Amino acid sequence: MARARAGALLALWVLGAAAHPQCLDFRPPFRPPQPLRLCAQYSDFGCCDEGRDAELTRRFWALASRVDAAEWAACAGYARDLLCQECSPYAAHLYDAEDPFTPLRTVPGLCQDYCLDMWHKCRGLFRHLSTDQELWALEGNRARFCRYLSLDDTDYCFPYLLVNKNLNSNLGHVVADAKGCLQLCLEEVANGLRNPVAMVHARDGTHRFFVAEQVGLVWAYLPDRSRLGRPFLNISRVVLTSPWEGDERGFLGIAFHPSFRHNRRLYVYYSVGIRSSEWIRISEFRVSEDDENAVDHSSERIILEVKEPASNHNGGQLLFGDDGYLYIFTGDGGMAGDPFGTFGNAQNKSALLGKVLRIDVDRKERGLPYGIPPDNPFVGDPAAQPEVYALGVRNMWRCSFDRGDPSSGAGRGRLFCGDVGQNKFEEVDLVERGGNYGWRAREGFECYDRSLCANTSLNDLLPIFAYPHTTGKSVTGGYVYRGCEYPNLNGLYIFGDFMSGRLMSLQENPGTGQWQYSEICMGHGQTCEFPGLINNYYPYIISFGEDEAGELYFMSTGEPSATAPRGVVYKIIDASRRAPPGKCQIQPAQVKIRSRLIPFVPKESLPILQRSRKSPHPLIHHGHVPCPGDTAHEFIPKTRSTPRPTARASTRAPRRGRPTAAPPAPTPRPARPTQLPGSRRGGGRRRGRLNSASRAFRDGEVRLVRPAGLSSGSGRVEVFVGGRWGTVCDDSWNISGAAVVCRQLGFAYAVRAVKRAEFGQGGSLPILLDDVRCTGWERNLLECQHNGVGTHNCEHDEDAGVVCSHQNPDL
């Protein structure tokens, strides 16, 4: 029965076996560092290193000592064949290791004619090869004996699998599906985080990694993925952010000094504000002398502050280059089209916004708390700020330096950035000293401001890649993979899109310098169905990161609010090939722990029955759906008919996909809900109408009912509880309660909490909720504080309403 089930699973598998881990340790095969002696046929690619081959050799000669010499002369070749299948790239198939419901075979699965021939010549050998007494009992019956050793999937029986072209043509390569989508897997590394915006390491040999939350906390993790109970850094009281989904302000970046091991210095980038004034701040901190896992908060030294004219496009990346200088990536100041000054902030060399800045934090000059590198491109230009390293950027969100090829060093020091576009294109740039990246004249490869675009003196650099908003609406820059564990990924630039949830990659052609695009999908079928691997992730891809060894990670969340603990850190896994055992071992330096440790407990799981990628958001099985930031960034399903992005043919927008201008939404008829009750939270506004009578409502669902002439997104609030619709009394109704309703209906912003039945009375309905008090990030009004359902002290002339919007009312 179990083997029949295994066969059914295999029948559903649509990809070649090389796409998933095959070895008996449930990990991908590898190329042994030294040629094998006994199992030489697997010296190029398999599951054995020199040590494993030596162990099999000892078993081979021990077997020889127990078998009659004449019989051994005829059977030694069979014995070697069978022992060496433990080195086969398909060992998991041959020994039924991939099916947890069947015991591990003691003899690999054999093809029928091979088995029949071996039975005739050497059936006595099996008593020495196997401890399976059921197999021994069948020794006298050739047909039943070979049936017992057969595999349900005959493609994988030995020795036919050795010559099966379908299995071996892509062996050891990252497998792509029919649409060219690369099949990878994930490991969950950390969870329960509130908008994890950065993951960094200290380059101090400890192999700790640090994850920053948007609210202003940084957590320290040990190499075993346990987290320290006390935050490494906590400046949440001064960081400016909010629970609003998509708020771009907050704690945005962190970087450790290259000499952190000796000077204990680190740098952070965060938003601050007083009343209507906001600015970004870059500060230096030092680690406490008493605890190497905690920052001395009294050590803060403000390095640089830049006033922000608007609340979006805040930049946020900090990086140290090989030159030892600190690179700072600022946004253009916000709003649509960089409207500041004659040509915008990004093209104004005297402004620090819309730039890549480079400073020397190890010295001071000119009354500044930092020095100016002497080779900065505009030093000596009276019309430019000397900190400027590159200009013409809109809102670079996540940049990285290439570590370079592990063997040749090729590519080392290249600076990759994802620059978020306005309303048409997203782009990836290679940043160079003195480079002008075109904004606002150009968005991606195309003109945005045509009068500026025609100015040839800009001499702007084109992106290496851009994609249209049919593919994604807010690029999240990534890293070139230079880790040790997955050699196939070396040189692959992996990045993503915050709004569409796409993972993407670029591979440079060294001969032409062109970049080849491939989408990255989670593995189909059995690709990721092994212990510790998953093939799903939360859709809002916030950031990427490297650990100290160079392995690659990304962070995403199911709810893009700075207060929602739905963020997860994932490690990217290539299930087709790994480095040889022992090659990538690390020796972490010891750290003294002074706070309690919280062991890592993974929460995500593989959806076993998910056989194909039908949605761009692989966590549909969790019930999570994307939430739009504004109308122009409304979720668009990613189907295979979506036009593919092309290098050298597209353009750019604000971080995490925030175009300021948005197309108007269709206005429903008067006296109808603006969104049908029961629409899934955060799913965006639906086009057209659905028949609400055909579906059941859930407790806590809301709808807006509005009189004629009222704009879409405004109306009286009605809530569904206990099988009936009712109204909400406005005794304690405020903007936080309005925020809950607006978010539930798919709007990014609550403009006003309406009182005194301004939008009409629901006289035919009961009053279900009174004294509603919300923080603003609850899933629905029932999660807020309120009187008991139906308990109230008001009349319908106090029915509550809301005004919602897809556009930021502060802009």
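Predicted model: local features only at pLDDT ≥ 70, side-chain atom pairs only at ≥ 80, totals over all residues.
Glutamate 139 lies in the loop between α7 (133-137) and α8 (142-148), with helices (H or I, at least four residues) and strands (E, at least two) taken as DSSP runs numbered from the N terminus. Residues are numbered from 1 along each chain as its sequence is written, and side-chain values use heavy atoms, with hydrogens and water left out.

**The whole chain**

- The protein chain comes with 12 helices and 34 strands.
- Of its 811 residues, 60% are buried, where buried means under 20% relative accessible area, exposed means over 50%, and partly exposed is in between (1.4 Å probe, protein chains only).
- Take the contacts (heavy atoms within 4.5 Å) between residues at least 6 apart in sequence: 66% of them join residues at least 24 apart.

**Around glutamate 139**

- Setting aside neighbours within four places in sequence, glutamate 139 touches Trp119, Arg123, Arg127 and Phe145.
- With arginine 127, the side chain of glutamate 139 makes a polar contact of 3.2 Å. That term covers a pair of N or O atoms within 3.5 Å; within protein, one must be able to donate a hydrogen and the other to accept it, and residues adjacent in sequence count only if both atoms are side-chain atoms.
- Glutamate 139 and arginine 127 are 12 residues apart along the chain, and their C-alpha atoms are separated by 9.2 Å.

**The largest pocket**

- Its volume is about 580 Å³.
- On how that's found: the search uses a 1 Å grid over the protein atoms alone, and a pocket is an open set of points where a 1.4 Å probe fits, with protein on both sides within 12 Å along at least five of seven lines; lining residues have an atom within 4 Å of a point. Grid points are joined across faces, edges and corners, and the volume is the space filled by probe spheres set on the points.
- The largest pocket has 30 lining residues, and His201, Arg203, Leu319, Phe320 and Glu546 lie nearest its centre.
- Strands that each supply at least two lining residues include β2 (196-200), β11 (317-320) and β25 (540-546). The top contributor is β7, with 5 residues.
- By type, the lining splits into 14 nonpolar, 8 polar and 8 charged residues. Here Ala, Val, Leu, Ile, Met, Phe, Trp, Tyr, Cys and Pro count as nonpolar, Asp, Glu, Lys and Arg as charged, and the others, Gly among them, as polar.

**Strand β17 and its partners**

- Strand β17 (residues 425-431) is largely enclosed by the rest of the structure, because 6 of its 7 residues are buried.
- It pairs with strand β16 (residues 415-419) in the antiparallel sense over 5 bridges; pairing takes at least two bridges found by DSSP.
- β16 and β17 make a hairpin, with 5 residues between them, and cysteine 417 sits opposite aspartate 429 in β17.
- Strand β20 (residues 465-468) also runs antiparallel to β17, joined by 4 bridges. There, phenylalanine 465 in β20 is the bridge partner of valine 428.

**Helix α12**

- In helix α12 (residues 735-744), 9 of the 10 residues are buried, among them Ser736, Val740 and Arg743.
- The cover over those buried residues includes β29 (702-705), β30 (714-721), β32 and β34 (801-805).
- Asparagine 734 caps the N-terminal end of α12, with a side-chain oxygen 3.1 Å from the backbone nitrogen of serine 736.
- After α12 comes glycine 746, with a positive phi near 95°.

- Most residues other than glycine have a negative phi, and most peptide bonds are trans.
- Another cis bond links tryptophan 439 and arginine 440, with omega about 5°. Arginine 440 is in the loop between β17 and β18 (442-443).
- Methionine 335 isn't a glycine, yet has a positive phi of about 65°. This residue is partly exposed, at a relative accessible area of 26%.
- Arginine 756, also not a glycine, has a positive phi of about 55° and is exposed, at 66% relative accessible area.
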